[in-house]
Amino acid sequence: AKGVFQNMSDEMAILASLSELTDVQHSIASIREERITRQSEDEALASQVLNISAMIGDPTNPGEDTVYAAINIERTARATKDEALASEINTLSAVIGDPTNPGPNTVYAAIKTERTARATKDEALASEINTLSAVIGDPVNPGPNTVYAAIVAERTVRATKDEALAQNINVLSATIGDPFNPAPGTVHAAIKNEQTARANADGALATNINNVVASIGNPASPAPGTVYAAVRTEATARANADSALASNVTTLQTKVDGNTASVQQIMQSVDGIKARWGVRLDVNGRVTGLELLGGADQTAMVFKVDSFIIQTPDNPNGTPPFMLGTVNGRTQVVIKDAFIQDAAISSAKIKTLAVGTLHIQDYAVTNTMYVERWPRSWETPADTSWSVNLVTRAVNVKSADTVMVHAGGVFQFKSGSYDYHGGFVLRLYAGA
C-alpha cells in the first residue's frame, strides 16, 4: 500500500497537464502507453508501460471528495549473452480521497502482482508476489484509527547446478491501528504460512511453519492492557546420507498484563531408532509436563509435576486410588487400596495390620510399651488399687516349634516419704 501511494504523484501531475483547470470539479480519463525497444550486439531490450486512469476531482488540488481509479502495467524483457530476464508488474488501485496525501478518511483498495523470470548459465529463478490490500486511513503513515487488511502471497522457485529450492509464503492480516508500529489499543489478527522445500547433493529438507496470532496492544513491548494469543505449528522433515529427522512442534501461548502461559507439544522421530513425544507447560517460567522416550534398548516416561493423580472415570469426584504429591514439604505416595504380590520394604509404619502368614527372621520381635496411671502422676489414692493389661498375645505352636516369650516392665510405688522403683522380667520357653 505504501509503494502504490508513493507512485501516484507522477500520475496526478500527468492528469493535471491533461485537464483544463477551472473552478468546478473535473472529470478526467486517460490512457497512456510508453514502449521502448533497443538492440545492440550485446543486448536486446523491450519494455512497455501502460496506464489507464479515471478521476473525478481536481488533479492539482485533490481532496477528500476526489475519486480515483487506475491500472498500471509495466513489462520488461531483456536478453544479454549471459542472462535472460522477463518481468511484469500489474497494479490495480481505487481511492476515495487524496491519492498523493492520504488522510484519516482516505479509502483505498489495491491489487498488485509482481512476476519475474530470470535465467543464467548457472541459475534459473522464477518468483511471484501478489498483494491485496484495503485501507481506511493513511496507509503511508497509519494512525490509531487506521483500518488495514491485506493478503500477501509470495512464491519463489530456484534451480542451480547443485541445489533446487521452492518456497511459498502466505500472509493474511487485519489491523485497527498502526500495523507496522503497534501501540496500546492496536488490534491485530494475522495468519502466516511459510513452506520451504530444498534439495542439494548433501540432503533434502522440507519445512512447514504456520502462525495464527491475535493481539491487542504491542506484544513485543507489553503495557498494561496488552492481550496476546498465538498458535504456532512447525513441521520439519530432513534426510541426508546417514541421518533422518521428522519433527512436529505445536505451541499455544497467551499473554495478559505481563503474565505468560504456553502449552507445547513435541513429536520427533530420529534415524529410525529414536522417538520422542512430550507436552510442556510453562506458566510465568514454571515448567511442568511429561515426556515419553523410545529407543531400541530402553524406553522411559518422565513426569515433571507437583501432583500426580490417577482417577477412574466412573468415580471422578471420589478419592483417587493413587496420588503422588508434596505434603508438608515431603513428597509422598498415597494409595487407597493396593495388592502387592511381592514387596521388599526397608522400614514401615503400619497402623493396622492383618497378616495371613508371618515369617520373622531369627524370631526377633521388639515391643516396648509405656503405661501411665494418671496424667503427670503415678500417685494412687488411698484405699484404691488398679491393674493394667499391657499386652495380649496369642501364638499357635506346633509340636516341633520352639517359642520364647520375653516380657519386662518397670514400676514405681510411692507412699508418703517412701519411694520404691522396681521391675520385673517374665520369660517363657516352650518347645519340643
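Select A150 to begin: leaving out residues up to four places away in sequence, A150 touches L132, S133, V171, L172 and S173. Contact here means heavy atoms within 4.5 Å. This is a predicted model, in which local features need pLDDT of at least 70 and side-chain atom pairs count only at pLDDT 80 or more, while totals for chains, interfaces and linings use all residues. Residues are numbered from 1 along each chain as its sequence is written, and side-chain values use heavy atoms, with hydrogens and water left out.

Buried means under 20% relative accessible area, exposed means over 50%, and partly exposed lies in between, with a 1.4 Å probe and protein chains only. Strands (E, at least two residues) and helices (H or I, at least four) are DSSP runs, numbered from the N terminus. In soluble globular proteins, nonpolar side chains tend to be buried together.

**L92**

Next, select L92 in strand β4. Is L92 buried, partly exposed or exposed? L92 is partly exposed, with a relative accessible area of 40%. Its contacts, apart from neighbours within four places in sequence, are A70, I71, A109, A110 and I111. Draw a distance between the C-alpha atoms of L92 and A70: they are separated by 5.9 Å, although the two residues are 22 residues apart along the chain.

**Salt bridges**

Now look for charged pairs. A salt bridge is a side-chain nitrogen of Lys or Arg within 4 Å of a carboxyl oxygen of Asp or Glu. How many salt bridges does a search of the whole structure find? The search finds 20.

- Select E43 and R38, whose side chains form a salt bridge at 3.7 Å, N to O. E43 is partly exposed at 23% relative accessibility, and R38 is partly exposed at 42%.
- Select R115 and E88, whose side chains meet in a salt bridge at 2.9 Å, N to O. This pair links distant parts of the chain, with R115 in strand β5 (residues 107-120) and E88 in strand β4 (residues 83-96), 27 residues apart. R115 is partly exposed, at 35% relative accessible area, whereas E88 is buried, at 18%.
- Select R155 and E128, a salt bridge whose closest N and O atoms are 3.5 Å apart. R155 lies in strand β7 (residues 147-160) and E128 in strand β6 (residues 123-136), so the pair ties together parts that are 27 residues apart in sequence. R155 is partly exposed at 38% relative accessible area, and E128 is partly exposed at 21%.
- Select R78, E83, R118, E123, R158, E163 and R198 together; salt bridges that share partners join these residues into one network.

**N211**

Move to N211, found in strand β10 (residues 203-216). N211 is buried, with a relative accessible area of 18%. Which side chain does the side chain of N211 meet in a polar contact? The partner is the side chain of R232, at 3.2 Å. A polar contact is a pair of N or O atoms within 3.5 Å; within protein, one must be able to donate a hydrogen and the other to accept it, and residues adjacent in sequence count only if both atoms are side-chain atoms. Leaving aside neighbours within four places in sequence, N211 is in contact with A190, I191, K192, V231 and R232.

Select strands β13 (residues 259-270) and β14 (residues 274-283), which run antiparallel and are joined by ten bridges. Two strands pair if DSSP finds at least two bridges between them. Q265 stands opposite V279 in β14. Three residues lie between the strands of this hairpin, where D271 takes a positive phi near 55°.

R280 stands opposite G289 in β15. This hairpin has two residues between its strands, and N284 takes a positive phi near 55°.

**The whole chain**

Finally, zoom out. The chain has two helices and 21 strands. Buried residues make up 20% of its 432 residues.
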